[in-house]
Amino acid sequence: MVYIDNISEYEGREATLKGWVYNIRTSKKLVFIIVRDGTGLCQTIVAQDDVSDAVWQEATALQQESALEITGRVTADERSIGGYEMHVTALRTVSQAEEYPITPKEHGIEFLMEHRHLWLRSRKQWAAMRVRNTIIYAIHRFFQERGFIQMDAPIFTGNAAEGTTNLFETDYFDRKAYLTQSGQLYGEAMAMAHGKIYTFGPTFRAEKSKTRRHLTEFWMIEPEMAYYDLPMNMDLAEEMIAFIVAEVVERNRPELEVLERDVAALEQVKAPFPRISYTEAVQRLNSPEMQEKLDQMAADRVEEASALKAERESLDAEFGQAKKGRKFQIDRRRGEINARLDQIEEDLRNIPVWKKSALEKKWGEDFGGSDETLLTMDEHTPVLVHGYPAEVKAFYMKRDPENEKIALGVDMLAPEGYGEIIGGGQREEDLETLRQRLREHDLPEEQFRWYLDLRKYGSVPHSGFGLGLERTVSWLCGLKHVRETIPFPRMMGRLYP
RNA sequence: UCCUCCGUAGCUCAAUGGCAGAGCAUUCGGCUGUUAACCGAAGGGUUACUGGUUCGAAUCCAGUCGGGGGAGCCA
């Protein structure tokens, strides 16, 4: 089989592509068909003089997304996408498409989500999925090359416990079962068997969150390592992220270009990343400098908004006498301006809230989304925040031996406002301490009998973390919303397709 | 659960209480190299739904439904 991504090998020769019509343009005696085959796009040219009447008829009858086999001579041509094009000699329609709903024009998100099964064929979505694939492969490589064993935690769990989040409840032979929100506790058991393990699987949270960072079903990677303390854990997380980013930059340049991602920003993501304690982070949020930064941000937004409005007015004035092609551009630009203005309006409403949240953040409170954005605002790499107040963290988190109020947890915050991509820490390994924590959190010891066994039979210091795959994809692709980083996103209010 | 914005042709949007419109898509015609081609024509509407105000409602008011963004919660 010939695929578009290696079509250069066929320059000057005849080849057959099997794919779909990405776009088609007709002229009197020429038809330009952009063919898509899953590996890329290639322009093909059908000239009436070069082909039989039958082939010409078929070519002119093709619709967007019709499936076809197309044969012709491959030539290099700078005018064409990918630098090569095909002069067609034969063509077979495999399947004539009906009128395709996703036209070469902007669409709203509701419409696109309703057609997600088709939207996946579009260029940007195609590129994002390829980056996702690189990330998945890089994660496996990273761990496999370091002696980690990949193991799977169960998806059905019996205990609704462990904490605060809402779980999906299912009927399990007349008993209640819940879809897992984390494989971590099982990861600990597996790490005691194999030393270093990682899980890679779906997780479910029934949170009624409608934000760009949330899905109800998402994929999480959770390494767990025996004999690792918090600093070792942080080193591993940092090394892993740097590795993933380097792989994406190396292997996905064309995809990042399609996504219009600023590659230079990704190239700066190299270890070591800044590390600050939770206590320092709170001080930073409380600082007058942070308030000034937010005032500056508000002023910048106001300025940007007035510039955009001026631009929109001049576009409006131009629109009347513009030619069709230009009208199209104006339309598109107006759409961008309106979307940005909506965003600015939202920001301006929120900045006072962010200011208040930052200024009034007290030691002991958890960070909100805006706090995370502020903490990474001046960085081009992720930031590690460690040593959280024990009270806001889960029962299994080990406390700092020198300060009972501090848990040995760490979060990694991605830059550019992408938020928390990693959460983890060192686990409590002492049996009696853990029993007491369960009581403090009002959790039933019976449910955790197996977990407590791990502390009875050869308990050792151990650590691990969870990486959110979709947030990582979102950050590296520069996508605004995690719903574009998974083939079929599951969100509150979205179960189709 | 709360705050906020939105719902007009298949799609993206306009119409600021007074004749419901444009571009794309579709169909037909024209055009020899197009880059989301271009030019001409045609068809296409329960303005989300229910009620109210008004001489008159896409527009104002109330409620319902659906969606976007955010808070909380979190990866």
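Guide: In α6, the buried residues are L230, N233, M234, L236, A237, E238, M240, I241, I244, V245 and V248. Buried here means 20 or more other C-beta atoms within 10 Å of the residue's own; exposed means 12 or fewer, partly exposed in between, with C-beta atoms placed from the backbone. This is a predicted model: local features need pLDDT of at least 70, side-chain atom pairs count only at pLDDT 80 or more, and totals for chains, interfaces and linings use all residues. Residues are numbered from 1 along each chain as its sequence is written, while chains are lettered from A and ligands numbered from 1 in the order in which they are written.

Helix α6 covers residues 230-251, 22 residues in all. Its first and last C-alpha atoms are 32 Å apart, close to the 32 Å expected at 1.5 Å a residue. That expected span is 1.5 Å times one less than the number of residues. Helices (H or I, at least four residues) and strands (E, at least two) are DSSP runs, numbered from the N terminus. An α-helix has 3.6 residues a turn, so residues three or four places apart point the same way.

Now the loop between β11 (217-226) and α6: Y227 is found there. Y227 has a positive phi of about 65°, although it is not a glycine. Y227 counts as exposed because it has 12 C-beta neighbours inside 10 Å.

E416 also has a positive phi, near 60°, and is a residue other than glycine. E416 is in the loop between β15 (403-414) and β16 (419-427). With 14 C-beta neighbours inside 10 Å, E416 counts as partly exposed.
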